[in-house]
Amino acid sequence: MRRTTATPLIVLAGVGVVFGFLIEVASVSAGRASIIPPVTLTISLVAVAIILIALSWPIRRSTTGHATRRIDPFRAMRVAALAKASSHAGALVAGATVGILLFLLTRPILPALGSLWLVIASIVGSVALVVAALVAEWFCTVPKDDDDDAAPGGAPSHT
């Protein structure tokens, strides 16, 4: 599995901005209230970020040689996959909440300050999730072995 690059995160954030803005337009056009993310969204995003770091820290200690017991490689792979999925989900949510914020700020009458703070808190929480997921993915990176450079049979690989 390759490490997450900026390109899919930027694309997902862009898609999120468009969908967040369009969903707000559709909601208000239909006569419904605009969608404001609840405070529990921010709490959940930050909680997942903390859990990701907590799950990946023992793997980091094991790969750097600071831990006495070995980590199961399948566990490390699962945590890395969770980190990758969390970075993608966080980028999408960040984009959607930025789209909501853009919609709210382009209205002729600004919403209540409490609504703006909830949207801004959701943006901060989702960016925190993306950062924590990228750090967790980095924690799960196994250092190269000396055997990685040699092909089977002792000949150096040219890949």
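Among contacts (heavy atoms within 4.5 Å) between residues at least 6 apart in sequence in the protein chain, 77% join residues at least 24 apart. The model is predicted, and local features are reported at pLDDT of at least 70, side-chain atom pairs count only at pLDDT 80 or more, and totals for chains, interfaces and linings use all residues. Residues are numbered from 1 along each chain as its sequence is written, and side-chain values use heavy atoms, with hydrogens and water left out.

The protein chain contains four helices and zero strands, where helices (H or I, at least four residues) and strands (E, at least two) are DSSP runs numbered from the N terminus. The order of elements from the N terminus is α-α-α-α. The mean pLDDT of the chain, the predictor's confidence in each residue on a scale from 0 to 100, is 87, and 89% of the residues score at least 70. Confidence is highest in helix α1 (residues 6-29), with a mean of 95, and lowest in helix α2 (residues 39-64), with a mean of 92. Where pLDDT is low, predicted coordinates should not be read in detail.

Of the 159 residues of the chain, 28% are buried; buried denotes under 20% relative accessible area, exposed over 50%, and partly exposed the range in between (1.4 Å probe, protein chains only). With residues up to four places away in sequence not counted, A133 touches L52, A83, S86 and S87.

Residue S122 belongs to helix α4 and is buried, with a relative accessible area of 0%. Beyond its neighbours within four places in sequence, S122 is in contact with P37, P38, L41, T42, L45 and T97.

L92, in helix α3, is partly exposed at a relative accessible area of 37%. Apart from residues up to four places away in sequence, L92 touches L12, V15 and G16. I35 is located in the loop between α1 and α2 and counts as partly exposed, at 39% relative accessibility. Setting aside neighbours within four places in sequence, the contacts of I35 are I23, E24, S27 and I100. I35 and G20 are 15 residues apart in sequence, with a C-alpha to C-alpha distance of 9.3 Å.

The largest pocket has a volume of about 410 Å³. On a 1 Å grid over the protein atoms alone, a pocket is an open set of points where a 1.4 Å probe fits, with protein on both sides within 12 Å along at least five of seven lines, and lining residues have an atom within 4 Å of a point. Grid points are joined across faces, edges and corners, and the volume is the space filled by probe spheres set on the points. The lining of the largest pocket comprises 18 residues, of which T63, A76, C140, T141 and V142 lie nearest its centre. Two or more lining residues come from each of α2 and α3 (73-105), with α3 giving the most, four residues.
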